[in-house]
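Visitor: I'm new to reading protein structures. Could you show me how to look at pockets, disulfides and strand pairs?

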Amino acid sequence: GAVVSQHPSRVICKSGTSVKIECRSLDFQATTMFWYRQFPKKSLMLMATSNEGSKATYEQGVEKDKFLINHASLTLSTLTVTSAHPEDSSFYICSARPSGTVDRGGYTFGSGTRLTVV
Amino acid sequence: SQQGEEDPQALSIQEGENATMNCSYKTSINNLQWYRQNSGRGLVHLILIRSNEREKHSGRLRVTLDTSKKSSSLLITASRAADTASYFCATGTYNAGNMLTFGGGTRLMVKP
């Protein structure tokens, strides 16, 4: 089945530094990937839709200069949290879907990245 | 943005009992999906039900969909301690990117 690998699974960084999170589709191509943020005991909030070869589409309230998304290939999207602050601490999850599988579910999620900014 | 609301937010039952979780949504959908998330982990797709379907089964899972009421339910029968997790519904629409919109989730605890 489709596998999405997300790395790192856990990262601790100092305030003011930048952190890059990778999301890779291992056995399929994904023209579209999604980035979510999840607060403790809360649901997933869509941050942005990552489109291969074009600019990401950000949800309302998400700062695109803060959360830089690059989808340079059909198997890799990256989310960079720039100048991180403690309030950016959260669980970030990516998902991707092989083309033509939307009616069969098909959304595969990465295992998530726990970001802690100290 | 979050479309769905799930009810209850938390549910605690004994092993062997059935667990029912409900999800309501606001806009028209093409499909509704249920996901499971163990603490601090990614999501696992459980089942998808299309807007023209009313009920679907998968093992111990039974999902219903009522588009007139914009609601869905997930029933887990004969629950096991290993079913302890958070369960989310997500609605899918054929808009740009085919993104999912998640409900608030139900935290299920199954006591052995």
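Predicted model: local features only at pLDDT ≥ 70, side-chain atom pairs only at ≥ 80, totals over all residues.

Visitor: What is the volume of the second largest pocket, and which residues are closest to its centre?

Guide: Its volume is about 270 Å³. There are 14 lining residues, and Arg37(A), Met47(A), Gln60(A), Gly61(A) and Val62(A) are the closest to the centre. Sorted by class, the lining has six nonpolar, three polar and five charged residues.

Visitor: And what about the largest pocket, what volume does that one have?

Guide: About 660 Å³. Its lining has 28 residues, and those closest to the centre are Lys41(A), Lys42(A), Ser86(B), Phe88(B) and Arg107(B). Three elements of chain B, namely β1 (5–7), β9 and β11 (106–111), each give two or more residues to this lining. The one that gives the most is β11(B), with four residues.

Visitor: How many lining residues of the largest pocket are nonpolar, polar and charged?

Guide: Seven are nonpolar, 14 are polar and seven are charged.

Visitor: Let's move on to disulfides. What is a disulfide, in general?

Guide: The general idea is a covalent bond that joins the sulfur atoms of two cysteines. For the case here, a search of the whole structure finds two disulfides over all chains. One of them is formed by Cys23(A) and Cys94(A), with sulfur atoms 2.0 Å apart. This link is right-handed, with 85° about the S-S bond.

Visitor: Which parts of chain A does that pair tie together?

Guide: Cys23(A) sits in strand β3 (residues 19–25) and Cys94(A) in strand β9 (residues 90–96), so the bond ties together parts that are 71 residues apart in sequence.

Visitor: Which cysteines form a disulfide in chain B?

Guide: That would be Cys23(B) and Cys89(B), whose sulfur atoms are 1.9 Å apart. The link of Cys23(B) and Cys89(B) is right-handed too, with 65° about the S-S bond. It connects distant parts of the chain, 66 residues apart: Cys23(B) is in strand β3 (residues 19–24) of chain B, and Cys89(B) is in strand β9 (residues 85–92) of chain B.

Visitor: Is Cys23(B) buried or exposed, and why?

Guide: Cys23(B) counts as buried because its relative accessible area is 2%, and buried means under 20%. Cys89(B) is buried as well, at 1% relative accessibility. Now look at Cys13(A), which is in no disulfide: the nearest cysteine sulfur, that of Cys94(A), is 18 Å away. Cys13(A) is buried, with a relative accessible area of 9%.

Visitor: Last topic, strands. What is a general rule for side chains in a strand?

Guide: In a regular strand, side chains alternate between the two faces of the sheet. Now find strand β6 (residues 55–58) of chain B, which runs antiparallel to strand β7 (residues 61–66) of chain B and is joined to it by four bridges. Across that pair, Lys56(B) stands opposite Val63(B) in β7(B). The hairpin has two residues between the strands, and Gly59(B) takes a positive phi near 60° there.

Visitor: How many bridges pair β7(B) with β8(B)?

Guide: Six, again in the antiparallel sense, with β8(B) covering residues 71–76. Arg62(B) has Leu75(B) in β8(B) as its bridge partner. This hairpin has four residues between the strands, and Lys70(B) takes a positive phi near 50°.

Definitions and conventions: Residues numbered from 1 in each chain as written. Chains lettered and ligands numbered in written order. Heavy atoms only, no water. Disulfide = S-S within 2.5 Å. Buried < 20%, exposed > 50% of the residue type's maximum accessible area, 1.4 Å probe, protein only. 1 Å grid on protein atoms, 1.4 Å probe; cavity = no way out; pocket = protein on both sides within 12 Å on 5 of 7 lines; lining within 4 Å. Points joined across faces, edges and corners; volume = space filled by probe spheres on them. Nonpolar A, V, L, I, M, F, W, Y, C, P; charged D, E, K, R; others polar. Pairing = 2+ DSSP bridges.
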